[in-house]
Structures are given as structure tokens and as C-alpha cells.
Amino acid sequence: MIEALEFEFMRNALAAGLLASVICGIMGTLVVVNRIVFLSGGIAHAAYGGIGLASYFKWPFLPATISFSLFAAMLMATVSYSKRHRADTVIGVIWALGMAFGIILIDLTPGYNVDLMSYLFGSILAVPRSDLYIMAFISVTMVFLVTYYYQDLLAMSYDEEFAKIRGVSVKKYYFGMIGMLAVAVVLVMQVVGLILIIALLTIPPFIVEKYAKSLFQMMVASSLLGAAFTVTGLWLSYRFNITSGASIIMVSGVAFLISLIVNKIRFAGSEM
Amino acid sequence: MAIIEIKNLDFAYNREVVLKDVNLTIQQNDFVAIIGPNGGGKTTLVKLILGLLSPLKGTLLVDNKSPQKASPCVGYVPQDVHMNRSFPITVIDVALMGKLDPKQRWSRQSAANRRDAMAALDRMDMAAHADKKIGELSGGERQRVLIARALATQPKLLLLDEPTASIDTKGREDLYKLLKKLNKDITVVVVSHDLLVISRYVKSVACVNKSLHYHNQAEITGEMLGAMYLCSVEEVCPVELVGHGLSHREAAQHQEEYR
């Protein structure tokens, strides 16, 4: 691993992975405790529509993709906020439509083809420095927002009705959280890919949830765990010459299975 | 003085009428049981009082204010079954939620708030569990923590929605005793299915089944059941009701009238 760091692209990949772990550790905690994993999958996939728009109309990539995924995310948030039981169906529809829309637009774009694989798995080994700065900027913004609104986010996530009664504007925070999720997902996705985002968003928080005693602990521990998965995955990818995104996910998946088995043994007999 | 005042209130979900022409006045220091069949509108009534829903027609005042304005002085205890048990939160942090002030930012709660939350837990005999994760507690213990959270808000009115759903019979008795103690200085309104147990503790009963009937006494009569549940007295409770001078046949006729 040490000799691998002599290459600048490896250093950048490591930095990108660590930043993605922090962003996903924070957002993933909120996603897991609010049970909006499906919704975040929907946002990530629907964002492909934005990529299609950007390439067809020759719009600048980031603004176009972020606007489109924010639009899709707000639609999903509206449905999931008012009609909880119908939400997953509608999210599924937006998920599929967004992707189809993107693919058709890319088909229609003359002479230009975005590689679907790089959207799915990203290109963590080819991360330019400018992207690292953007990711660092979102991480810092996110840490600030989550700290500043911690009590309100906690109250909303734990008991929405009680939060409302205490005067927390739950609606504002719900839409704010999903908006933040949409921005984070798009920005991190173009670096590490859609599949890795969903893995980092869900696996570390899920493993940590049983042990953490507060949302804050869960966010910190998820970020650290995500970082450990990223470093291990990158090392395996370098050592055995395999796709980096996929190997990070495999490491996370194995850890996930181990944690399931450990929980089974630890909590055997009790109501889990 | 009235803490809850409802006049000619109607409520409907998408044209389906749930509550019709409801009138209810609850005085301060009352201990009211809200009973009625599932789907009869009990929880809807609670949500209206909390200001989470708005009436279609009629007026509703809590502590002489609109429910939204009054909600900080209402201690709400939700049904435990709706809560996420694996949520990463400690008992003290749940109680601290009762001190939540949306105008106050940053993550730490003040020492005074912590003391208040701790005192509320102590009142519910849960102070020893303060640093445990909420999921490690039993159903009855969790319910006490939720009541402590409501008490931490220093409420004038304590509103509980089926607090005994996840508690055994012995635990129910204890919980109602506790509520009776709290009732010394707080008005208590409790939605419940424990008809027999509860009649020993409450001061009055409100039956909700689309319409509302308020009885300024604790006893639950067969007549009330017939009107409210539309099922035979034997099904609801076999023994005690017969003592109220209502034969099963009469009760059955009663329910026919209401159909």
C-alpha cells in the first residue's frame, strides 16, 4: 500500500474514498434511521436523467445534473412526506423514468457517448484534484449543517409527531435533508460511482446502528468504518489488479455479513 | 377552568367522515379515559387536540389557545409500537427531547435541561437507566421513558395514546396508578382499551365512535359499550357489566337501535 501511494492517482483515489466515506457516513446515518434507503437509491438513479440532459443540450455537467436530481428528489420527498404507504411505488417510477430519460437523451446525442459503466462504478482512480476540493467543501458544509441543526434532525428522525408538537418545522427539515442528500449523491457519484455510493450510504450505518448510542456516534463510526472499507478495498484493488469500486463494495459486503453473524451470536435468545 | 374545549367539531379524511359534531369540555385536573372501537376516531381526536390535524368544521381550544399555540404545554405520549427500537439513542436523550426548543441551536443541551430531564426520569423511576440505549428496555420501561419525556415539557395536560399496548396486566395496573399520582397536578387524558382496569382510576369517560359521548363518572356501562362497540357485551367483558343492571338481551337490543 505504501509504495502504491507514490502514484498521485493513488493518493487522489485514497483522498476521494475517505471524503466519500465521511459524506456517506453522515448522510447514510440519516438515511438509515429515517428509513429512506430506497428513496436515496431513487435519487442516485434518477440523476442519470440529468447526465443525459447535460450531454444532449451541452449544458455544464454539474449544474445540470444537480438541478435535475434535486427536482427528482423533491418530487420523491413530496410523495413520501404526505403519502407514506404509496411512496415506494412512486419512487420506483421516478427512479426508472429518470434513468430511461437519461439513456434516450444520450442515444440522441450525436457523436457523444457517456460510458454507463463509469456512472455506475465511477472512476476513483482518475479523480482530478478539482473534484477533491469540491468533495472537501461538501463534507465541511455537511458537518456544519448537521451540527447546527442536530437537535432538530434528531427529534425529526426519532419521533416526527413529537418534534412537530415541540414546534420543530419537520417539513422544512425533511425536505432540507433530502435536498442535501440529492446534492451529496450527485457530487460523490461522479467520483466514486452510483453503486459505491449506495453501499457506503447503507452498509456502515447499518453495522454501526446496533452499537451506537447517539446519532452523532453513529455518524462518526460510520465514517470511520467507511474509510476502513475504502482503504482495504483500494489496497486489494492495487494488489490483485481488480476494479477499485467493486472491491471496496466487496469488502463492505463481507463486513456486513460478518456483523450479521456476530449479532446473531451476541443477541441470540433476546428479541432481535 | 376548561383545558380542552371542543365545539361542533367535524373531521374527515378525503370525504370519509371520521368525527361528526363532537362536543367536549375537559376541566383542569380531570382524568379522562377516551374509549371506543378501532377506527372510531380516537387517535384522530388526539391528533386534533395536538394540532397535528385541523378540524373541517367547528372550534377546538386547548388551554384557551389554538392547539398549535398550546402544543408546547401538552405532554404527548405516543404509542410505543410506532417507535423505532433500534434507533441509536439513550434514555436520557429521549427525555431531553421534551426540553427541545426549536429556537435553540447547536448540539448540546444546557445543564439545566439535563437536570429537568433527569428529574422527569426520576419521577418515573427510570433515572437508573439514563445511559442505557432505549432498545435495551422492556416495553413497560420504554413507556415510562416516553412519559418522562412528556413530563420534561412541564405540561398542563398529559395526553397518552394507548400507553399499555405493549405492557402486561400487572404493568398496566402500575401504569394507571402512576397516572393517578400525576393527576394530582396535571390533567390526564388517556386513550385506552383496558375498559375494566381503567374504570378504577379515571374520573370520567369519553366514548368516541364518530360521535362523542362524555360521561362525568368513571363507570363504564353496558349501554355505553353497546352504543360504542356495536358488539355483544359478552365479547367485550363477560362479568362486571351485568352488574350494572343491564341484561345481555337488553344490550343486544340496544346495539340494534344503533345500527
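**Strands, helices and cores**

Reader: Which residue of β2(B) is the bridge partner of B:Ala2?

Author: Across the bridge, B:Ala2 is partnered by B:Gln27 in β2(B). The model is predicted, so local features need pLDDT of at least 70 and side-chain atom pairs pLDDT 80 or more, while totals for chains, interfaces and linings use all residues. Residues are numbered from 1 along each chain as its sequence is written, chains are lettered from A and ligands numbered from 1 in the order written, and side-chain values use heavy atoms, without hydrogens or water.

Reader: What makes β1(B) and β2(B) a pair?

Author: Pairing requires at least two bridges found by DSSP, and strands are DSSP runs of E with at least two residues (helices: H or I, at least four), numbered from the N terminus. Strand β1 (residues 2-13) and strand β2 (residues 16-27) of chain B share 8 bridges in the antiparallel sense, so they qualify as a pair. Their hairpin has 2 residues between the strands, and B:Asn14 takes a positive phi near 40° there.

Reader: On what count does β1(B) pair with β4(B)?

Author: On 5 bridges, antiparallel, with β4 covering residues 57-62 of chain B. One of the bridges joins B:Ile4 to B:Val62 in β4(B).

Reader: Why do β5 and β9 of chain B count as edges?

Author: The open sheet runs β5-β6-β7-β3-β8-β9 in chain B, 6 strands with mixed pairing. β5 (74-77) and β9 (211-215) each have a single partner strand, so one side of each lacks a neighbour in the sheet. From one strand to the next the twist averages 15°. β9(B) pairs antiparallel with β8 (residues 204-209) over 5 bridges, and B:Asn209 stands opposite B:Ser211.

Reader: What angle does helix α6 make with β6(B)?

Author: About 160°, for α6 (residues 169-182) of chain B, which lies across β3, β6 and β7 of that chain. Angles run from 0 to 180 degrees between N-to-C directions, with axes fitted to C-alpha atoms, for helices over the stretch in contact (heavy atoms within 4.5 Å). Helix α1 (residues 42-50) of chain B runs at about 150° to β6(B).

Reader: What makes a set of residues a nonpolar core?

Author: Its members are buried (under 20% relative accessible area, 1.4 Å probe, protein chains only) Ala, Val, Leu, Ile, Met, Phe, Trp, Tyr or Cys residues joined through side-chain atoms within 4.5 Å. The largest has 133 residues, and A:Met27 is among those with the most contacts inside it. Helix α9 (residues 170-192) of chain A gives the most, 17 residues. Apart from this core lies another, of 32 residues, including B:Ile4 and B:Val18.

Terms used
Buried means under 20% relative accessible area, exposed over 50%, partly exposed in between (1.4 Å probe, protein chains only).
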